[in-house]
Amino acid sequence: MNQDPVIFDVDFALRQFSGNESLLVKMLGKFNEQYEGVEETLVSDIRLQNLDAVRQQVHTIKGVSGNLGMSALHQASRDFEAQIKSESPETLNCNQYIAVLKQTLATTNEYANTVQSANAATSNAAQGEVNPQGKQELLKALKRNEFITPDKLDQYIRDCALDNDTQTALRNAIDDLDYPAAIALLE
């Protein structure tokens with residue numbers, strides 16, 4: 001039975017990031033930002049018969065989409081790469097490929113927005129339990145370069161009682177594995 005690939009395999013993507021959903025959401029945001037306007041570039045390069053640029057762009061999207069669990073886009077990229085190699089520039093059509101790309105961007109944007117809304121609601125609901133030693137525990141974990149789970153990071157941030165801008169900067173530094181910057185924010 002020939003089954004269409006899923007647009008976005010959340011479970012696969014989360015495994016790629018060891019369950020770190022906030023890092024996955026950040027990477028999806030970067031992917032969406034980078035490729036939301038690629039349609040115009042592809043159409044222009046095909047019209048100008050610049051197939052090397054088209055091939056390179058599609059090949060890059062194929063690799064990244066495969067790693068992020070975007071199964072349908074990964075398959076569409078493979079198919080379009082084969083089409084680029086076998087067809088003349090005059091007959092090359094990227095409409096089907098662009099449709100899958102747009103659907104993938106919409107699906108992953110929706111997922112990221114849902115996760116961010118849920119995290120904000122959870123954070124607001126869990127404002128009660130505070131550990132005064134949390135800041136020191138977070139500093140120790142950062143100095144030892146320990147992996148910090150998203151749930152534990154949420155608790156640490158609540159414990160630190162930081163303003164919103166500092167919370168965001170701290171979360172971004174930790175997500176980027178820039179522990180020295182995170183330590184500087186806390187000290």
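Analyst: Buried means under 20% relative accessible area, exposed means over 50%, and partly exposed lies in between (1.4 Å probe, protein chains only). This is a predicted model, in which local features need pLDDT of at least 70 and side-chain atom pairs count only at pLDDT 80 or more, while totals for chains, interfaces and linings use all residues. Residues are numbered from 1 along each chain as its sequence is written, and side-chain values use heavy atoms, with hydrogens and water left out.

User: Is Glu 39 buried, partly exposed or exposed?

Analyst: The relative accessibility of Glu 39 is 26%. Glu 39 therefore counts as partly exposed.

User: Which residue forms a salt bridge with Glu 39, and in which helix does that residue lie?

Analyst: A salt bridge requires a side-chain nitrogen of Lys or Arg within 4 Å of a carboxyl oxygen of Asp or Glu. For Glu 39 the closest N and O atoms are 3.0 Å apart, and the partner is Lys 102. Helices (H or I, at least four residues) and strands (E, at least two) are DSSP runs, numbered from the N terminus. Glu 39 is in helix H3 (residues 38-47), so the pair ties together parts 63 residues apart in sequence, with Lys 102 in helix H6.

User: How many residues apart in sequence are the parts tied together by Asp 176 and Lys 26?

Analyst: The side chains of Asp 176 and Lys 26 meet in a salt bridge at 2.6 Å, N to O. Asp 176 lies in the loop between helix H9 (164-175) and helix H10 (179-186), and Lys 26 in helix H2 (residues 21-35), so the parts tied together are 150 residues apart.

User: What separates Asp 52 and Arg 55 along helix H4?

Analyst: Asp 52 and Arg 55 form a salt bridge, with the closest N and O atoms 3.1 Å apart. Asp 52 is exposed at 55%, whereas Arg 55 is partly exposed at 26%. Because they are three residues apart in helix H4 (residues 51-67), the separation is about one helical turn.

User: How many aromatic pairs does the structure hold, and is the pair of Phe 8 and Tyr 111 stacked or edge-to-face?

Analyst: Rings of Phe, Tyr and Trp (its six-membered ring) pair if their centres lie within 6.5 Å; planes under 30 degrees apart count as stacked, over 60 as edge-to-face and the rest as tilted. The structure holds three aromatic pairs. Phe 8 and Tyr 111 are 5.3 Å apart centre to centre, with 65 degrees between the planes, and this pair is edge-to-face.
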